[in-house]
Amino acid sequence: MEIGFKQKSIADALFDTDYQTKIAAENWLNIAGRDFRLIGKTIRIGRALDNDIVVEDRSCSRYHVMITIDGGQIIIEDLKSRNGIRVNGKKLDRATLKDNDIIEVGDLRGVFFQRLKDPTQKHKKIPVKENSKVSRNPQVQNDISSLSLIQKMGLKEKWEALQPKHRLTIIAVAPVFILLAIMLLGGSSEPAVQRQAVTAKIVTLSEDQIVDVVVNKQIFDRCQEYEDLGNFKQSRKCFEALPLNREVFGALNRVLTRQAQLTEKRYLEGDQAFKNYYYDLAIIKWQEVLLIGDEGSDLVQKAQDGIKDAMEKKRLL
């Protein structure tokens, strides 16, 4: 087994997310024909389903590479994979990435690049090559001068400078835009799904139900495997089918607690994404609630309502 995953199970890894850093991320990786935004402090890539980025290529190891975001540095590190990694053609175990660096994960080629998170920020100035041709067309120069003059005008001067037909068009269209703005702002000020003081109800067992009996060790181990894989629903059903001796009692209580905690965690992550207008991410998080949560949980119903609400918001965009 590769380095970095010996100390915790898949179920433990499910709890290791940092939503706040996801919102601010601006680093991207294009690999296997798709763009992935690098979110969180660490991003693991490989074939295993519990990686942050899952790649389906036999040349890649189950846990192949780790990307760490440390302040302004983006560090890529090989996790002792079978085929290693290359950065700009050089085989390395660890490297600091720069914009437009080409990386190879096994046989997969990818490109690391960066996007500005704030469209109002200034883009990098691109130097003009010496052999670049600069237009000297007088008409172009006149258009540039006119544009500079218009930019210096006030609103009143700009309005008076418009042709009459253009003024009529603006007057006719303006009410429509104002109405749309009111509808959008009014709909987003208070999300339709009520999500205040959310807590997952943890089902607890009574020790009075414990019986003194030996359970099948093979079946018990299989129930634990489901838990380690993060399949709490299946693990719960498996344990509930066994006689409730003290060992099963402890394991079942643990599964119920972890199921409730992860359900609440994923629901709140979806809620945070929704409030920040990341509707796709909110839908993904709430779909995880449906997969993880107990069918009788209030959060499952709230997640279903949240998914409908987020899809409606997406439709209005």
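In the hairpin formed by strand 10 and strand 11, 2 residues lie between the strands, and Gly106 adopts a positive phi near 65 degrees. Helices (H or I, at least four residues) and strands (E, at least two) are DSSP runs, numbered from the N terminus. The model is predicted: local features need pLDDT of at least 70, side-chain atom pairs count only at pLDDT 80 or more, and totals for chains, interfaces and linings use all residues. Residues are numbered from 1 along each chain as its sequence is written, and side-chain values use heavy atoms, with hydrogens and water left out.

Strand 10 and strand 11 (residues 108-114) pair in the antiparallel sense through 5 bridges. Two strands count as paired if DSSP finds at least two bridges between them. Asp101 stands opposite Phe112 in strand 11. Strand 10 is also joined to strand 7 (residues 85-87), again antiparallel, by 3 bridges. Here Ile85 faces Val105 of strand 10. Of the 5 residues of strand 10 (residues 101-105), 4 are buried, so the strand is largely enclosed by the rest of the structure. Buried means under 20% relative accessible area, exposed over 50%, and partly exposed in between (1.4 Å probe, protein chains only).

These strands belong to an open sheet of 6 strands with the order 2-1-11-10-7-8 and antiparallel pairing. Strand 2 (34-38) and strand 8 (90-92) stand at its edges, each with a single partner strand, so one side of each has no neighbour in the sheet. Neighbouring strands are turned by 30 degrees against each other on average, direction ignored. For such angles, axes are lines fitted to C-alpha atoms, for helices over the stretch in contact, and angles run from 0 to 180 degrees between N-to-C directions. Strand 7 and strand 8 run antiparallel and are joined by 3 bridges. Arg86 stands opposite Lys91 in strand 8.

Another open sheet has 5 strands in the order 4-3-5-6-9, with mixed pairing. Its edge strands are strand 4 (53-54) and strand 9 (94-97), each pairing on one side only. Strand 5 (residues 65-70) and strand 6 (residues 73-78) are antiparallel and share 6 bridges. The bridge partner of Ile67 in strand 6 is Ile76.

Of its 22 residues, Leu29, Leu38, Ile53, Ile67 and Ile76 touch the most other members. Strand 5 gives the largest share of this core, 3 residues. A second, separate core of 17 residues includes Ile210, Cys223, Phe249 and Leu252. A nonpolar core is a set of buried Ala, Val, Leu, Ile, Met, Phe, Trp, Tyr and Cys residues joined through side-chain atoms within 4.5 Å. In soluble globular proteins, nonpolar side chains tend to be buried together. Contacts of Ile67 (heavy atoms within 4.5 Å) include Leu29, Leu38, Lys41, Thr42 and Ile43, leaving aside residues up to four places away in sequence.

Asn51 lies in the loop between strand 3 (42-46) and strand 4. At 6% relative accessibility, Asn51 counts as buried. Its side chain makes a polar contact with the side chain of Arg44 (2.9 Å). A polar atom of the Asn51 side chain also lies 2.9 Å from the backbone oxygen of Ala48. A polar contact is a pair of N or O atoms within 3.5 Å; within protein, one must be able to donate a hydrogen and the other to accept it, and residues adjacent in sequence count only if both atoms are side-chain atoms.
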